[in-house]
Amino acid sequence: MSSENPAGLALGIDAGGTQTRWALADRSGAIVADGVVAGFSAVQMQSPDGRAAISAALVALAVATQSAGALGSVHAGVTGYDAAEVSGPADGLPTLMKQALGNVAMRITSDIELACRAAFEPGGGYLVYAGTGSIAAYVDAAGAMHRAGGRGGLLDDGGSGYWIAREALRRTWRREDQTPGAWQRSVLACTLFEHLGGSDWATTRRWLYGASRGEIGSAALAVAAAAVAGDDEAKAILAAAGQELARLALALLQRHGPRPVALAGRVFDLHPGIEAGLRAALGADTSLRRVTLLAHVTAARLALAALRSAQPDSSTMAL
């Protein structure tokens with residue numbers, strides 16, 4: 001360890017299925033390095049191949065950070081992680097992380113808890129996050145996380161990219177049952193089938209049941225494109241997605257009282273009709289704003305706070 005960093009660096013990790021973003025903070029609170037390695041989720045712990053993929057990503061992370069100096073603390077937000085599931089998908093993840101990054105102070109949370117802390121100080125407000133899936137979360141003043149939704153596409157994920165794509169395909173094929181060939185007169189159906197690569201049921205079946213959740217969610221782009229082209233059914237689906245996302249926020253507002261609501265995730269970039277539907281459902285009294293989250297930076301600052309708490313140094317700057 002260098003004399004300038006007697007307690008080591010604070011590493012923040014935001015791990016998702018697509019990529020893992022990381023940031024290093026020094027004792028002053030400055031971000032001295034950041035980067036991206038392969039994504040991973042806690043659910044991958046359920047298979048040998050998944051565990052190997054996680055280990056590879058963590059080794060790549062260790063290599064990327066080692067030139068900056070020794071680590072003193074790590075805070076990670078990981079998709080699919082639930083500390084309460086002691087024998088569930090996350091079992092063994094802390095061990096893998098310590099094997100790769102060293103036996104340093106470490107805290108692992110879910111990615112949504114980290115995202116909520118990136119949007120608000122504890123007790124400050126509610127985060128509605130919508131990407132492939134959807135969830136709303138609130139970290140209260142005592143640091144406990146509360147959630148609504150986020151239970152996957154089989155049960156819900158209302159308003160998510162997956163939900164939008166599934167709803168559009170459901171409507172399209174129901175109409176085909178009633179009037180074969182009706183898709184040719186629908187901008188939405190034509191745009192969807194172009195995305196899938198064919199208009200027959202065999203193509204939809206092969207794509208839908210062979211694709212990953214993320215690939216299915218990508219078909220929401222086609223729904224948004226149809227809405228931009230003026231398709232009323234696509235616009236209705238996107239407005240309904242906003243209402244579904246509002247339902248998540250309303251659940252937390254009812255349980256924990258009035259607070260601002262922040263919106264994050266790629267679904268809100270698809271089309272303004274989604275946010276408009278959400279705003280209409282929430283009402284004018286709710287404070288609402290879009291946010292861009294730097295969750296890996298927040299994780300680094302949380303790791304630094306833990307480091308300072310363990311090794312107080314009155315000469316360092318406050319966060």
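Among contacts in the protein chain between residues at least 6 apart in sequence, 64% join residues at least 24 apart; contact here means heavy atoms within 4.5 Å. The model is a predicted one, in which local features need pLDDT of at least 70 and side-chain atom pairs count only at pLDDT 80 or more, while totals for chains, interfaces and linings use all residues. Residues are numbered from 1 along each chain as its sequence is written, and side-chain values use heavy atoms, with hydrogens and water left out.

**The whole chain**

The secondary structure comes to 11 helices and 10 strands. These are DSSP runs numbered from the N terminus, with helices (H or I) of at least four residues and strands (E) of at least two. The radius of gyration, taken over C-alpha atoms, is compared with a globule rule of 2.2 Å times the number of residues to the power 0.38. For 319 residues a compact globule would have a value near 20 Å, and the protein chain, with 22 Å, agrees. Its C-alpha trace spans about 75 × 45 × 35 Å along the principal axes.

Of the 319 residues, 49% count as buried. Buried means under 20% relative accessible area, exposed means over 50%, and partly exposed is in between (1.4 Å probe, protein chains only). The chain exposes about 14800 Å², of which carbon and sulfur atoms supply 52%.

**The five-stranded sheet**

Five strands form an open sheet with mixed pairing, in the order β3-β2-β1-β4-β5. Two strands pair if DSSP finds at least two bridges between them. The edge strands, β3 (31–38) and β5 (105–110), each pair on one side only. Strands β1 (residues 9–15) and β2 (residues 19–25) run antiparallel and are joined by six bridges. Within this pair, Gly12 has Ala23 of β2 as its bridge partner.

Angles run from 0 to 180 degrees between N-to-C directions, and axes are lines fitted to C-alpha atoms, for helices over the stretch in contact.

| Helix | Strands | Angle to β5 |
|---|---|---|
| α2 (residues 93–101) | lies across β1, β4 (71–78) and β5 | about 135° |
| α3 | touches β1, β4 and β5 | about 95° |

Helix α3 (residues 111–119) is largely enclosed by the rest of the structure, because seven of its nine residues are buried. Among them are Glu113 and Arg117.

**Nonpolar cores**

A nonpolar core is a set of buried Ala, Val, Leu, Ile, Met, Phe, Trp, Tyr and Cys residues joined through side-chain atoms within 4.5 Å. The largest has 44 residues, and Ile164, Val223 and Leu245 touch the most other members. Helix α9 gives the most to this core, with 10 residues. Not counting residues up to four places away in sequence, Val223 touches Ile164, Ala168, Leu188, Leu192, Ala234, Ile237 and Leu238. Apart from this core lies another, of 26 residues, including Ile13 and Val74.

**Two single residues**

Arg51 is in helix α1 (residues 48–66) and is partly exposed, with a relative accessible area of 32%. Leaving aside neighbours within four places in sequence, Arg51 is in contact with Gln44, Met45, Gln46 and Leu96.

Asp157 lies in the loop between β8 (145–149) and α4 (161–178). Asp157 is buried, with a relative accessible area of 3%. Most residues other than glycine have a negative phi. The phi of Asp157, however, is positive, near 55°.

Conventions: Areas by Shrake-Rupley, 256 points an atom, 1.4 Å probe, with all protein chains shown as cover.
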